[in-house]
Amino acid sequence: MEQKNKKPKGRFTSVAVRPTAADHSFNLAVDIFLMVLLVIIAVPLWSTITLSFRPNDYIGNNLQGMFLAPWQWSNAAYKALLGNAGFVLAFGNSVKILIGGVVTALLLTIPLAYVLSIHTLPGRRYLNLLIIIPYVFNVGMIPSYLLVTNLGLIDKLAAVFLPGAISTYNCLIMRSFFEGIPNELKESARIDGATEIQVLMLVILPLSKAIIMTIGLFYGVSFWNDFFHAMLYLNNNQLQPLPILLRNILMASGMNEYVEVSAFGDAPIAAIKAASVFMSAIPMVIAYPFIQKYFTKGTLLGSVKG
Amino acid sequence: MKRTCTVCIALVALLSLVSLPLFSQGTADQAKASGPTTIELWYGAAITEAGPPPADWVGFQIIKDKLNIDLKLTALPSNESDQDVKVQAAAAANNLPDLFMVRRDVLTRLVPQGLVAPVDDLYEKMPIRTAKHYDEVSRSHARFNGKTYGLADPGSINKNEGLLIRKDWLDKLGLSVPKTTDELLAVMRAFTFNDPDGNGKHDTYGYGAFQEINNYEAWPGRRLEPIFGAFGVDGTWNMTASNAGLNILKPEFFDAMSLLKQMADEGIIDPNWLAYKKDDFRAAWKQGRFGIMREQNAAFAAQANYAPFDKNFPNGEWIIIDPPTGPKGHASIGPYTAGFRIYAISAKAVKEGKKDKIAALLEWMASDEGYYLLGWGVEGVNYTKDANGIPVAANLPNPDLAFSAPGGQTVTQLRNMVFYNGDIELYARYPKYITATSKKEMSALDVLRVMQTKKWTPAVGSDTLPIPNADLKRFYEQGLSEFITGKRSLTRDNWNKWIDEFKRLGGQDWNDKGVAFAKENNLLN
């Protein structure tokens, strides 16, 4: 009680404003909105998780299935997935694409963004224009396919990430971030005798962890989920990544009525579908909490100048 | 300035260094080597989620040794529209594989561009395969301007669906099998309101369905075709010479819609039918939600599919019945066409002199050796033969490698290229079994045979007729569903106005083009 009545100390004292009924109503509305948002997000997620643990002999609809007691759950779908050589192979391919893609994309995006952030660069405006034009006017699938074919990238994992290794959007965010770093820091490094490469490596990059992590995450998510390029450019089935297998699994029930068997044994196909969706999301779900602190900072810093 | 330029040059050099190794990888295997002819084959996988044949699959070596062919396999994506994208992108780059599966829609676009080769001369080079796989209907399926541009292999089995009714419910309510639409309505009402499962709840319905539509099967799709068949308007097209055209333009279509509307209004069709997906529909009949449905033979009677129903209703029994007869004597389970999988040969492959090798490969696939190897794997490893010579997954040293087990499925991914719905395949695919709970003997093959004896409407070739544009298709589907849900009032006057609008939006043109195409290609009965 005593604490409650304490007035704030200091030179400038704020006046405690009593919330009005309108404030309470607004807060309530916000709370309700957030609760609804939570339900909209949580219900499908929970539905997918419970579906993935559904036993083969389950009889009931999806709503009832969401309330199935955990001791009635079955891990058959996960066992089947992890025991399937195709799944393990596809997961491995996706990891290779993820690592190769993020490393390549950052290696290409960082220097480009840095170069574009140098105001004294000759022809900087034209370079910017050159980068923005294809961003606005996409070249389309066929020219891209022809280019990838002519570069001999068909049936190479690089075909999945190289065409999108520099995202204009990501590059512009990064450029804005680099432009926001005080010029004095670069100047003082140059006065100390640093070359431009050293400025980039020793001054800019250590100050840019947030944006690098953020953009890396953007790239990582897009490469991890990329179905289209893999479908188009990878003919060798041994190279196919998780999204392709996932798509095949999701299409499976349409086929199984004509055959007597499933590639995943006795596990129910609906559970297999849900488990594969869940497992393919796991790496990104794990990555987010570690990158979250950089993520918020990175996106905010990149968007504010001056 | 100088420094900045140096940085730029250094960075460009860095970009090149990073990129070069990636670019250079692709060129290594471009060089042609003498020796076996390489045939690149894009196939439709039998079990899409199972993965491709392994690199050490025995088939590769046999094909190399016997035919001097180095076979390169690529499984096409499982989804048809993805397949189309992949094939069309390769076509645009003039990079089509030597032999590839393609949908007829796409083939119609590849032919005028000269990207695929005619195959008429191949039939006589493949006598075994031709005798088993290609009849006149098959040849005409991919014929354009007098030439056949694709080898149309048999696809799914004809007439493999039937109208099923819960016999245990009929018996409990003292009803007989309905023969007319009026009797069907009476049974539906009894199934809905007279508690056929005896649980004291109003939780059952007469008819169950879901919307199952595609470019060739218009709304509401095959699950309700027996209703439309009773009025002689089942299927998108009427393929009779005397009355050819879109069924929706026939006056009887209104009568069929009226019956469907009556079912919906009385609540004797499962009200979820407009929301159900295939899986929901199948879960619903296994939960005893409705007592009449049109279902596919294996989806109904295959061991894994029937097991949940058997467990839930050990005394439950579905029987296959004749389609109900309508007021003018019409009756049909629905239209049937000849389903095909088309394999085309690229013009590039022919230019490279690979056509005869492709013929040899396909003919070998149709030989006993190829048929069993691609269909079931290696005898003694993936299958054994029973006393009747039917491949079975029994008495194998490693049951995990059986053709029906997850470990053995990859070696039979090409089986759709050799199967032609012959008896051996059907016996192997649909073995007899005893159900786990009720101990009934079941066979999806017996079910199929009965389904095939029922009355169907011949519509072979109707799936080659022109398809409507997206706007017209949407108008068609949305309009019909609105009449059933009550958003539009289903009166004769409203119907005629809607049909006039449909014709104005391109429906008449679609009808005229379809009829002209059917006449031109001798598709009418």
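**Reading the model**

Analyst: Let us begin with domains. The domain assignment divides chain A into domain 1 (17-74) and domain 2 (79-303). The contact between them draws 6 residues from domain 1 of chain A and 9 residues from domain 2 of chain A. On the side of domain 1 of chain A that touches domain 2 of chain A, the residues comprise 2 nonpolar, 3 polar and 1 charged. Please bear in mind that this is a predicted model.

User: How is chain B divided into domains?

Analyst: Each of its domains is made of two segments: domain 1 takes 35-155 + 340-426, and domain 2 takes 161-336 + 456-520. The centres of domain 1 of chain B and domain 2 of chain B, taken over C-alpha atoms, are separated by 35 Å. Along its principal axes, the C-alpha trace of chain B spans about 85 × 60 × 60 Å.

User: As the model is predicted, what mean pLDDT does chain A have, and where in chain A is confidence lowest and highest?

Analyst: pLDDT expresses the predictor's confidence in each residue, from 0 to 100. Chain A has a mean of 82, with 83% of its residues at 70 or more. Its lowest confidence lies in helix α1 (residues 2-5) of chain A, at a mean of 48, and its highest in helix α8 (residues 158-161) of chain A, at 94. Residues 254-259 of chain A have a pLDDT below 50, and this stretch has 11 contacts in the model beyond near neighbours in sequence.

User: What are the corresponding values for chain B?

Analyst: Chain B averages a pLDDT of 89, and 94% of its residues score at least 70. Over residues 15-33 of chain B the pLDDT stays under 50, and the model has 18 contacts beyond four places in sequence for this stretch. For the complex, the predictor gives an ipTM of 0.74 and a pTM of 0.74.

User: How should I read burial, and why is helix α14 of chain A described as largely enclosed?

Analyst: A residue counts as buried if 20 or more other C-beta atoms lie within 10 Å of its own. By this criterion 35% of the 306 residues of chain A are buried, and 44% of the 525 residues of chain B are. Helix α14 (residues 242-250) of chain A has 8 of its 9 residues buried, so it is largely enclosed by the rest of the structure. The buried residues include Leu242(A), Pro243(A), Arg247(A) and Asn248(A).

User: Let us turn to sheets. In what order do the strands of the sheet of 5 strands in chain B lie?

Analyst: Strands of a sheet pair through backbone hydrogen bonds, either parallel or antiparallel. In this open sheet the order is β2-β1-β3-β14-β6 (chain B), and the pairing is mixed. Strands β2 (69-75) and β6 of chain B form the edges, each pairing on one side only. Direction ignored, neighbouring strands are turned by 25° against each other on average.

User: Which strands of this sheet pair in the parallel sense, and which run antiparallel to β14(B)?

Analyst: Strand β1 (residues 37-43) of chain B pairs with β2(B) in the parallel sense over 7 bridges, and there Leu41(B) stands opposite Leu73(B). Strand β3 (residues 99-102) of chain B runs antiparallel to β14(B), joined by 4 bridges. Strand β6 (residues 151-154) of chain B is also antiparallel to β14(B), again with 4 bridges. Tyr343(B) of β14(B) stands opposite Met101(B) and is the bridge partner of Leu151(B). Strand β14 (residues 340-345) of chain B is mostly covered, with 5 of its 6 residues buried.

User: What is the strand order of the sheet of 4 strands in chain B?

Analyst: This open sheet, with mixed pairing, has the order β8-β11-β7-β12 (chain B). Its edge strands are β8 (205-207) and β12 (318-321) of chain B. The twist averages 35° from one strand to the next. Strands β7 (residues 161-166) and β11 (residues 290-296) of chain B pair in the antiparallel sense over 5 bridges, with Gln296(B) as the bridge partner of Glu161(B).

Terms used. Residues are numbered from 1 along each chain as its sequence is written. Chains are lettered from A and ligands numbered from 1 in the order in which they are written. This is a predicted model: local features need pLDDT of at least 70, side-chain atom pairs count only at pLDDT 80 or more; totals for chains, interfaces and linings use all residues. Two strands pair if DSSP finds at least two bridges between them. Helices (H or I, at least four residues) and strands (E, at least two) are DSSP runs, numbered from the N terminus. Axes are lines fitted to C-alpha atoms, for helices over the stretch in contact, and angles run from 0 to 180 degrees between N-to-C directions. A residue is buried if 20 or more other C-beta atoms lie within 10 Å of its own, exposed if 12 or fewer, and partly exposed in between; C-beta atoms are placed from the backbone. Domain bounds come from an automatic or database domain assignment. Two residues are in contact if their C-beta atoms, placed from the backbone, lie within 7 Å. Ala, Val, Leu, Ile, Met, Phe, Trp, Tyr, Cys and Pro count as nonpolar, Asp, Glu, Lys and Arg as charged, and the others, Gly among them, as polar.
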